[in-house]
Amino acid sequence: MRILLLVCDGLGDRPIRQLGDRTPLEYAKHPTLDKLAKQGEVYTLYPVKPGVPPASDVAHLHLFGYDTAVEYPGRGVFEALGAGVSLPRGALAFRLNFATVQQEGKLLKVVDRRAGRIPTEQAAELASSLNSELEEVAGFRCRFYSTTEHRGVLVMTGGELSPHITSCDPHEEGRPLLKVKPAKRKIGYPFDYAVAKKTAEAVNEVVVRAYDILSKHPLNRRRKEEGKPPANAILLRGAGIASDLESFAERWKLRAACIAGGAMYKGVARALGFDVLEVEGATGGVNTNLRAKFSAAMNALSTYDFVFLHIKATDSLSHDKKPLEKAMFIERVDSELANLVEKLDKAVLCVTADHTTSSMLGKHTGDPVPLVVYYRGARGSDCRFDERSVVSRGLEVYGLELMNILLNAAGRLEELDYDVRDEADYLELA
Ligand code: ZN
Ligand code: ZN
């Protein structure tokens, strides 16, 4: 059997007073998800570890069976691959934000981490100016890419670079930009202090020179005149060097495809060797074309062993503290899912989340999330699909265990007997 994994980003939540002390998932009417839970197997999933609020890329890697404590290249790699930027060996990639800073003495205080969500075309113009004026810094070649709104990617090449550096992004408005320093990070790349130090110095120079170029840029002068925050600085985080992650196909013997609107999710999938299928109207936002995405996923099941379908708006609405809208969006997902379940034959369908995003706090939390695995012949759980109903069933699993659960449901696992077989070589008579 083939496998369809639907990840509703940040689907889990906490009880909200405005929803009668129910979570958006408990509040929403979702007969299809409830049917899956009744007839399928439900679990309480800790995407990474109990109590640990993971970033989305980290959580997804765990769901795909990659332990980020052992193998993790850095978020910049996924951002770059997701934006369609190919990374030559040894290239150092960063997630970039165009931001607004205010000079205070020698410090640059962050006023707006997203420069008023600057339009994509304007950010592209700034990236192109940076590319022409900041082509080389400290002997390294720099390429700036704008993706959507304030988001972008920086790729540095042309010498020995290290991802073992701190980030310049203070992650909070009202605080000054941080100095980038060498620091051993928990990522799967050898640490060399001298290389890390040289990299950090170059990155600091990039940030300072980018401020100089951007603060004098005519586009920013215009934005100021219009009363908009100038995009006069870049924030860099998630430094990463593409490493040779074992491909998903090698690890699980599954040919895999990804359907997602958000660039970073496509990046994670590309890094693992998935085919990324482009679907018209898949925006990664609330306005995304759910019907087109579900139907593309259904079609993909005829070609691929494993289809990963990602839906982002559940997470974005939680970050924006809109629990009611989140519940409404869940109802839309449920009704599109109904069509798919009707047509689903000889496939395992799994629905879950990569983490809980509290729509009261507006951020990821370390609470577990509900998980359902539905296929013909499943034992059945006879419960609803929501955070607390699933907990009452008592089965707790970790993200790293998900692939085995899915492969078992799909009848793709062999008995564990510790034998080793080389299926590619037959014994020949003399
Ligand atoms: Zn997420
Ligand atoms: Zn999030």
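Me: What makes the sulfur of Cys142 too far from that of Cys168 for a bond?

Reply: In this predicted model, the closest cysteine sulfur to that of Cys142 is in Cys168, 13 Å away. A disulfide is a pair of cysteine sulfur atoms within 2.5 Å, so 13 Å is too far for a bond. The structure holds 0 disulfides. Cys8 is likewise in no disulfide, the nearest cysteine sulfur being that of Cys350, 10 Å away.

Me: Why is Cys142 called buried, and on what value does Cys8 receive its class?

Reply: Buried means under 20% relative accessible area, exposed over 50%, and partly exposed in between, with a 1.4 Å probe and protein chains only. Cys142 has 0% relative accessibility and therefore counts as buried. Cys8, with a relative accessible area of 4%, is buried.

Me: What conventions lie behind these values and numbers?

Reply: The model is predicted, so local features need pLDDT of at least 70 and side-chain atom pairs count only at pLDDT 80 or more, while totals for chains, interfaces and linings use all residues. Residues are numbered from 1 along each chain as its sequence is written, chains are lettered from A and ligands numbered from 1 in the order in which they are written, and side-chain values use heavy atoms, with hydrogens and water left out.

Me: Which atoms are donors of the zinc ion (ligand 1), and what makes them donors?

Reply: Asp9 (OD), Asp9 (OD), Ser56 (OG), Asp354 (OD) and His355 (NE2) coordinate the zinc ion (ligand 1) at 1.9 to 2.7 Å. Donors are N, O and S atoms within 2.8 Å of the metal (3.2 Å for Na, K and Ca); water is not among the atoms, so sites may look incomplete. Along the sequence, the donor residues are spaced D-x46-S-x297-D-H. Asp9 lies in the loop between strand 1 (2-8) and helix 1 (24-27), and His355 in the loop between strand 12 (347-352) and strand 13 (356-358), so the pair ties together parts that are 346 residues apart in sequence. Helices (H or I, at least four residues) and strands (E, at least two) are DSSP runs, numbered from the N terminus. Both Asp9 and His355 are buried.

Me: Why is the arrangement around the zinc ion (ligand 2) called irregular?

Reply: Its protein donors are Asp315 (OD), Asp315 (OD), His319 (NE2) and His364 (NE2), at 2.0 to 2.6 Å. The 4 donor atoms subtend angles of 55 to 144 degrees. Four donors count as tetrahedral if all angles lie between 85 and 135 degrees; four count as square planar and six as octahedral if opposite donors are over 155 degrees apart and all others between 65 and 115; anything else is irregular. The range of 55 to 144 degrees therefore makes the arrangement irregular. The zinc ion (ligand 2) and the zinc ion (ligand 1) are separated by 4.5 Å.

Me: Are Asp315 and His319 buried or partly exposed?

Reply: Both residues lie in helix 11 (residues 313-319), 4 residues apart, about one turn of the helix. Asp315 is buried, with a relative accessible area of 2%. His319, at 31%, is partly exposed.

Me: Why does Val208 count as exposed?

Reply: Val208, in helix 6 (residues 193-215), has 54% relative accessibility and therefore counts as exposed.
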